[in-house]
Amino acid sequence: TGLGTVVVTGAAGQIGSVVRAGLRGEAERLVLLDRVGLARQSPTEEVRQLDLRDAEAVTAALEGADAVVHLGGVPDEAPLSDLLDGNVRGTHNVLEGARRQGVGRVVLASSNRLTGFYPVSTTVTPEMPPRPDGLYGVSKVAVEALGRLYADKFNLSVVCLRIGSFEDVPTERRHLATWLSPRDCLGFVRAALTASDINFAAVYAVSANKRRFWDIEAGAALGYTPVDDAEVFAPRIPPEGDAAEHDPQGGVYASPEYTLRY
Ligand code: NAI
């Protein structure tokens with residue numbers, strides 16, 4: 001109940017489902033938005049089917065919200081027009097709706113793929129310039145820029161979470177660096193909702209993986225230090241395909257083919 005009214009976009013998705021279950025007991029009212037239909041699972045939940053590209057519907061859904069966790073959108077490489085519509089326009093609608101409704105905190109789902117062209121030997125901090133590994137990463141650069149604009153210009157309080165690889169357990173070599181466990185994901189989302197005195201922050205949401213290539217101090221400043229380490233699973237993951245030091249962090253996502261197929 002400490003969180004008041006929290007709106008979650010993309011609530012039917014992989015991460016949305018975990019955030020929904022995790023916040024259920026903590027939010028006084030949990031408003032779940034998605035373009036696919038959802039069934040209410042508890043008395044504190046409200047479900048609404050809408051398209052995030054519909055600005056009026058988004059603004060209406062944010063009425064009375066204390067915070068919004070914006071997860072809805074296109075989660076991977078896609079044709080540019082889909083990324084612009086789903087991620088850029090969708091995020092603009094959420095920020096504009098939040099401004100109009102006076103929402104106190106906006107948490108935006110950003111991505112590690114915004115810096116996927118840094119080599120695996122570099123530890124990337126949120127202050128370093130973006131090096132997206134594809135058009136999806138470019139859309140997340142725009143998502144963060146929109147967040148910063150609304151923070152600077154309209155004094156909205158915005159936290160961008162640069163999510164790693166959200167998986168129950170790591171299954172690939174790359175995950176040994178990039179894994180974000182469900183427990184740590186919830187920890188970062190909770191911290192992003194409750195940290196005080198924030199105008200704008202961008203942080204990597206990644207588990208405490210020994211091999212991680214992202215700085216987590218900014219996350220600690222937000223109030224969360226991750227607890228899981230993908231290394232525990234290393235013996236179960238076949239050793240093939242380990243990256244060399246100059247290889248991009250994005251791995252296969254950074255290959256030309258990954259973008260050219262669209
Ligand atoms: P997902 O695809 O499982 O969930 C996204 C949800 O958004 C879906 O339920 C979908 O129906 C909804 N949605 C998409 N476009 C919509 C629209 N125009 N209107 C209304 N609803 C719409 O994706 P996932 O994995 O849960 O990701 C959530 C967010 O986190 C995304 O923004 C993604 O880019 C970001 N992210 C995810 C990572 C991961 O490892 N899963 C890694 C980095 C970032």
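These exercises walk through a predicted model.

Residues are numbered from 1 along each chain as its sequence is written. In this predicted model, local features need pLDDT of at least 70, side-chain atom pairs count only at pLDDT 80 or more, and totals for chains, interfaces and linings use all residues.

**Exercise 1. Find the confidence scores of the model.**

Step 1. Take pLDDT, the predictor's confidence in each residue, from 0 to 100. The protein averages 97. Of the residues, 100% score at least 70.

**Exercise 2. Describe the shell around the ligand.**

Step 1. Count the residues near the ligand (C-beta atom, placed from the backbone, within 6 Å of it). There are 23, and the closest are Gly 10, Gly 13, Ile 15, Arg 35 and Ile 163.
Step 2. Assign them to elements. Helices (H or I, at least four residues) and strands (E, at least two) are DSSP runs, numbered from the N terminus. Helix 1 (14-23), helix 3 (80-101), strand 5 (105-111) and strand 7 (165-166) each give two or more residues. Helix 1 has the largest share, three residues.
Step 3. Sort by type. Ala, Val, Leu, Ile, Met, Phe, Trp, Tyr, Cys and Pro count as nonpolar; Asp, Glu, Lys and Arg as charged; the others, Gly among them, as polar. The shell holds nine nonpolar, ten polar and four charged residues.

**Exercise 3. Check the span of helix 4 and list what its buried residues pack against.**

Step 1. Helix 4 covers residues 135-154, 20 residues. The expected span is 1.5 Å times one less than the number of residues. That gives 28 Å, and the end C-alpha atoms are 28 Å apart, so the two agree.
Step 2. Look for buried residues (20 or more other C-beta atoms within 10 Å of the residue's own; exposed means 12 or fewer, partly exposed in between; C-beta atoms are placed from the backbone). Among them are Leu 135, Val 143, Leu 146 and Tyr 150.
Step 3. Find the partners. The buried residues pack against helix 3, strand 5, strand 6 (158-163), strand 9 (200-205) and helix 8 (256-260).
Step 4. Look just past the helix: Asn 155 takes a positive phi of about 60°.

**Exercise 4. Decide whether Asp 242 is buried or exposed.**

Step 1. Locate Asp 242: the loop between helix 7 (217-222) and helix 8.
Step 2. Asp 242 counts as exposed because it has 12 C-beta neighbours inside 10 Å.

Definitions and conventions: A residue is near a molecule or strand if its C-beta atom, placed from the backbone, lies within 6 Å of it. Two residues are in contact if their C-beta atoms, placed from the backbone, lie within 7 Å.
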